[in-house]
Amino acid sequence: MSVTSHSEAAFAAVDLGATSGRVITGLAGPGRLELTEAHRFANTPVRLPDGLRWDVPALYQGMLEGLRSAARGGPIASIGIDTWAVDYGLLDADGALLGLPFHYRDSRNGRAAEQVLAVCGAQELYAVSGLQHLPFNTVFQLAAHRAGAQWGAARTLLLIPDLLTYWLTGVVGAEITNASTTGLFDASAGDWSDALIGRLGLERSLFPPLREPGDPAGTLLPHVGEFTGLATGTPMTAVASHDTASAVAAVPATGPGFAYVSCGTWSLAGLELPAPVLTRESRAANFTNERGVDNTVRYLRNIMGMWLLEECRRTWERRGEDPGLAALLAEAARARPFAAVIDPDDRAFLAPGDMPSRIDAHLVKTGQVAPDGPGGYVRCVLESLALAHRRTLREAAVLAGRELTRIHLVGGGSRNELLCQWTADATGLPVTAGPAEATALGNILVQARARGLVGDLMDMRQLVARTQELRHYTPQGDQRAWDRAAARLDQA
């Protein structure tokens, strides 16, 4: 993909998810926004004797191969990286990585959370960071890491997208949307919290200067340019490096009153606000306040998303029982409605493993009967996710004092027509589904804006609405049936 005019340019988006990574090239300019996948590669964690780790060198190599493929299409104006949040690497005084980064699903985190809360109570943590309590937040992971021998050599902490940017450019920094997920960021001040860092006995020098989406993040090192074929001096641009922040930037909302669900391995359901909500009620409801583009706040709650279905399918594949996604969804559509419902956020569902058996155990505990066949499990998962979307968005609207008129469901889950329709049915609100590639689009748009090719956040969203394929779902069926299913969950 090549630059075609002075009002358009080609950009490379490195988009790393929990199961795979991609390099996407995007042509962006006024009235034009087109994506092409240059390269896709697996993201396969490794379980070592000391825990579950990310194979970051393999991700880096996959990224380089992707950039080389992108370069074959013509000049690239800049590169941006987005990934999942909270995980990090530690560098020593020479800038070398101290071991493979831990995976947020590693079992060490639960014990460490108790240690942190003994020093800084949950109320104090929330008053500063505004973060939903999740056992894998960076602040808890660091408490676990400090017990190891590597800690004494650590001089710099880099979240995963910042680590990869450093390897490409040699420049150290911390992009703000991802920094805001650590639990060590002051949600009101918009900076690292020196108070929390000090209270927890961490060295302030570990935490690099912050970068905003659109800021320059260095240029490619000579050996990177040589390997990839990209031009000397090709710039890196800090995008909204938390993948959800990039996805929300590409929500095709053209008016007020919208909610969003960024649905992939996780469902991130919430609102875009001008300021954090740090009330006692918000903390009790376990909502998070994370940074978005242009100092917006992503007020949301993490919901265990398509991970539940993905893990079910992995179990069935190992048994030779998976008929394929299309067949499973067709079977789910025929299955009995509300035969079983689960709370997707039960911690029993967090770790990898036999998900159908864990669903069975949850149903036994809540006095329900196991679904009938794989299609029944799929229906259970999708109806339960729709109910979780309903509960989360209704609570967010009350806590933030907002009235909702529409839900935008973006990400890979937007391709699942059952989930989209059932989210509309459960909430009683219209759902606009798509774009599925919202994260890559948000990444590209921030780069294009840094080059002056698109306008403000509203202009970016209007461009997405004009150029991307969207589907619309209106509520159908008996709302009372969803009310009864929600009541069952509340009583469980």
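**Backbone, helix packing and buried sites**

N295 is located in the loop that runs between β17 and β18 (297-304). In this predicted model, N295 is a residue other than glycine with a positive phi, near 60 degrees. The relative accessibility of N295 is 44%, so N295 counts as partly exposed. A second residue with a positive phi is N286, again a residue other than glycine, with a value near 65 degrees. N286 belongs to the loop between α10 (280-284) and β17 (288-291). With a relative accessible area of 25%, N286 is partly exposed. For context, most residues other than glycine have a negative phi, and most peptide bonds are trans. A cis peptide bond is found between G434 and P435, where omega is about 5 degrees. P435 is placed in the loop between β20 (431-433) and α16 (438-450).

Helix packing was examined next. Two packed helices are described by the angle between their axes and by the distance between those axes. Helix α1 (residues 56-71) packs with helix α5 (residues 160-169) at an angle of about 60 degrees, and their axes are 11 Å apart. That angle makes α1 oblique to α5. The crossing of these helices, α1 and α5, is right-handed. On the α1 side, the contact is formed by V56, Y60, M63, L64 and L67, which meet I160, L163, L164, W167 and L168 of α5. Sorted by class, the residues in the contact of α1 with α5 are 10 nonpolar, with no polar and no charged ones.

From α12, the contact involves L328, L329, E331, A332, A333 and R334, and from α14 it involves G373, P374, G375, V378, R379 and L382. Seven nonpolar, two polar and three charged residues make up the contact of α12 with α14.

Helix α14 (residues 373-400) also holds S384. S384 counts as buried because its relative accessibility is 1%. When residues up to four places away in sequence are not counted, S384 touches V341, I342 and P344.

L16 lies in strand β1 (residues 9-16). The relative accessibility of L16 is 1%, so L16 counts as buried. With its neighbours within four places in sequence left aside, the contacts of L16 are G21, R22, F41, L59, D82, T83, W84, L164 and D243. One of these contacts, L164, is also among the α5 residues that meet α1. Between L16 and E403 there are 387 residues in sequence, and the C-alpha to C-alpha distance is 34 Å.

Helix α4 (residues 138-145) is mostly covered, with eight of its eight residues buried. The buried residues of α4 are T138, V139, F140, Q141, L142, A143, A144 and H145. The elements that cover them include the strands β7 (88-91) and β8 (156-159) and the helices α2 (109-119) and α3 (122-129).

The cysteines were considered last. A disulfide is a covalent bond between the sulfur atoms of two cysteines. The structure contains zero disulfides. C312 is in no disulfide, and its nearest cysteine sulfur, that of C380, is 8.4 Å away. The cut-off for a disulfide is a pair of cysteine sulfur atoms within 2.5 Å. C312 has a relative accessible area of 1% and is therefore buried. C420 is likewise in no disulfide, and the nearest cysteine sulfur to it, that of C263, is 7.9 Å away. The relative accessibility of C420 is 0%, so C420 counts as buried.

Notes. Residues numbered from 1 in each chain as written. Predicted model: local features only at pLDDT ≥ 70, side-chain atom pairs only at ≥ 80, totals over all residues. Heavy atoms only, no water. Buried < 20%, exposed > 50% of the residue type's maximum accessible area, 1.4 Å probe, protein only. Axes fitted to C-alpha atoms, helices over the stretch in contact; angles between N-to-C directions. Helix = DSSP H or I, 4+ residues; strand = E, 2+ residues; numbered from the N terminus. Parallel < 35°, antiparallel > 145°, perpendicular 65-115°, else oblique. Left-handed = near helix turned anticlockwise from the far one by under 90°. Contact = heavy atoms within 4.5 Å. Nonpolar A, V, L, I, M, F, W, Y, C, P; charged D, E, K, R; others polar.
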